[in-house]
Amino acid sequence: MAEKLGRKWITSDIGKPAVMVMRKRFIDQDANPFLYQSIGDYQKEQFESSEFQRVSDLAEIVLGLYGALPFDDNKNAGYIKETRTLVIADSPNVLTGQAIVRRAAEMRKTYKGGDWNKVIVLGWNFAFDISEAIQKHKEVEVLVIPSDLLDKLSSKKGFKELAGKVHFNSLQYLTIKPVHISKFNEEDELTVSLDNYILLSPDNIPLDTADKEKLSQLIAHDPLALIEYWSIDPDYDDCIFRSQWQDYRGNTLHDNDPLHCIYTATLRVPRKSGRVIAIKAVDVFGFESMVVERI
């Protein structure tokens, strides 16, 4: 109502599905540009209120739950002896992004003599550039620490009870095809196409066995069908995402298929050099991914 009356407004909701519904309704009524942002950091708040005094104490337990032995002089890193695998447990106080992935790639060659067969990064929260980092450093595997682990680890005493029961899943991320740019007078026409969507393991989704099997089949044959909503910021400033184009399931403005988003978008924008394009997607489970393309 505030939007229809031309008033300024702020709205919030704790649930991602409700936020997605609101976002679709704003788009349907041709609302003025608005910002969507996630606030708060659940893992950081949980850590600060937990009984752990140091990040290294928590990292040592996370490594143990993954099956790695921590180094005596660095409790944030460990190893799996039989496979020469180096494992790094990131802090819940930071966003795991390109910097830690790059450092992990360097540690694979140099840490403790180097020559590690594999390096794994375990992260709690992830920066916008994580997809770019994963694509660039393919020798590094990034896994997600379960979001409810700190709830279960009310103290160090809970470690033994969780041994063998904690699953570290692959990070979901989006990939796009190379952006095509055509020149029209003083404008650039951008053609952005989704390439693939990698979803974290179906085991982490609250579905029964039959539905998990169907989900696995869909992931194998048409992973982009899981995209609920995606949008483009053609002039991303590496800080705030400002959508200038969007599509979502149920929208038939771009095509006549209400069950899928379109996978290619074309938009014209004022010409500029050094353009940074950001693409953000939300899947049907509410998981968000973002990829940044620097032209």
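Helix α4 (residues 98-110) has 13 residues and spans 18 Å from first to last C-alpha, close to the 18 Å expected at 1.5 Å a residue, where the expected span is 1.5 Å times one less than the number of residues. Helices here are DSSP runs of H or I with at least four residues, and strands are runs of E with at least two, numbered from the N terminus. A friendly note on the model: it is predicted, so local features need pLDDT of at least 70 and side-chain atom pairs pLDDT 80 or more, while totals for chains, interfaces and linings use all residues. Residues are numbered from 1 along each chain as its sequence is written, and side-chain values use heavy atoms, leaving out hydrogens and water.

**Around helix α4**
- Gln98, Ile100, Val101, Ala104, Ala105 and Met107 of α4 are buried (under 20% relative accessible area, with a 1.4 Å probe and protein chains only).
- The cover over these buried residues includes β3 (85-89), β4 (95-96), β5 (118-123), α5 (130-136) and β7 (140-144), with contact meaning heavy atoms within 4.5 Å.
- After α4 comes Lys112, with a positive phi near 55°.

**Asp188**
- Asp188 sits in strand β11 (residues 187-198).
- Asp188 counts as buried because its relative accessibility is 3%.
- Leaving aside neighbours within four places in sequence, the contacts of Asp188 include Ile181, Lys183, Leu267, Arg271 and Arg275.

**Second largest pocket**
- Which element gives the largest share of the lining of the second largest pocket? That is α1, with three residues.
- The lining divides into nine nonpolar, five polar and four charged residues (nonpolar: Ala, Val, Leu, Ile, Met, Phe, Trp, Tyr, Cys and Pro; charged: Asp, Glu, Lys and Arg; polar: the others, Gly among them).
- A pocket is an open set of points on a 1 Å grid over the protein atoms alone, where a 1.4 Å probe fits, with protein on both sides within 12 Å along at least five of seven lines; lining residues have an atom within 4 Å of a point.

Note on methods: Buried < 20%, exposed > 50% of the residue type's maximum accessible area, 1.4 Å probe, protein only.
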